[in-house]
Amino acid sequence: GMSLATILTATIVTATATTATNVEHKKVEETKEEAKEQTKHDAGDTDTEPEDRRRMRVRLLAVLAPPKVALTFLLFVLMGASMTVTDTFLFLWLEELGASRVLMGP
């Protein structure tokens with residue numbers, strides 16, 4: 001059979017190889033975790049955002065997800081922007097035309 005020295009040598013070699021493999025796997029996992037963290041950091045997605053704010057953002061996106069709702073929301077935003085421009089410049093234009101202050105609302 002095998003001598004005790006051969007068995008001990010084989011056991012030590014196997015244990016060393018297993019330890020080296022485990023260390024290598026651990027390094028790979030740590031590298032993967034660092035890459036994930038760097039990706040999150042690069043994307044601006046850090047865990048510093050409060051949980052309530054994150055939940056609110058998720059709910060808002062869920063509400064706006066259907067195309068009909070998203071289109072309606074977009075149209076309201078565009079109409080609001082258009083009314084702002086009209087309300088801002090209409091009175092300046094009426095003043096240029098010589099309209100009275102009563103017409104524009106004193």
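The questions and answers below concern the model shown above.

Trainee: On what basis are the values computed, and what is the mean pLDDT of the protein?
Mentor: This is a predicted model, in which local features need pLDDT of at least 70 and side-chain atom pairs count only at pLDDT 80 or more, while totals for chains, interfaces and linings use all residues. Residues are numbered from 1 along each chain as its sequence is written, and side-chain values use heavy atoms, with hydrogens and water left out. On the scale of pLDDT (the predictor's confidence in each residue, from 0 to 100), 87% of the residues reach 70 or more, and the mean is 81.

Trainee: Which pattern does the protein follow along the sequence?
Mentor: Helices (H or I, at least four residues) and strands (E, at least two) are DSSP runs, numbered from the N terminus. The protein has four helices and zero strands. Its pattern is therefore α-α-α-α.

Trainee: Which element has the highest mean pLDDT?
Mentor: The lowest mean among the elements, 73, belongs to helix α1 (residues 4-42). The highest mean, 91, belongs to α3.

Trainee: What percentage of the residues count as buried?
Mentor: Buried means under 20% relative accessible area, exposed over 50%, and partly exposed in between (1.4 Å probe, protein chains only). In α2, zero of the 14 residues are buried, so this helix lies largely in the open. For the 106 residues of the protein, the buried share is 3%.

Trainee: How many salt bridges are there, and which residue pairs with Arg55?
Mentor: A salt bridge is a side-chain nitrogen of Lys or Arg within 4 Å of a carboxyl oxygen of Asp or Glu, and the count comes to two. Arg54 forms one with Glu51, their closest N and O atoms being 3.7 Å apart; both residues lie in helix α2 (residues 51-64), three residues apart. For Arg55, the closest N and O atoms of the bridge are 3.4 Å apart, and the partner is Asp52.

Trainee: Is Asp52 exposed or buried?
Mentor: Arg55 and Asp52 are three residues apart in helix α2, which means that about one helical turn separates them. Arg55 is partly exposed because its relative accessibility is 43%. At 56%, Asp52 counts as exposed.

Trainee: What accessible area does the nonpolar patch have?
Mentor: Patches are made of residues with over 30% relative accessible area and no salt bridge, like charges being joined within 9 Å and nonpolar side chains (Val, Leu, Ile, Met, Phe, Trp, Tyr) within 5 Å. Among the members is Leu74, found in helix α3 (residues 67-97) and partly exposed at 45% relative accessibility. Leu71, Leu74, Leu75, Phe76, Leu78 and Met79 together have about 610 Å².

Definitions and conventions
Areas by Shrake-Rupley, 256 points an atom, 1.4 Å probe, with all protein chains shown as cover.
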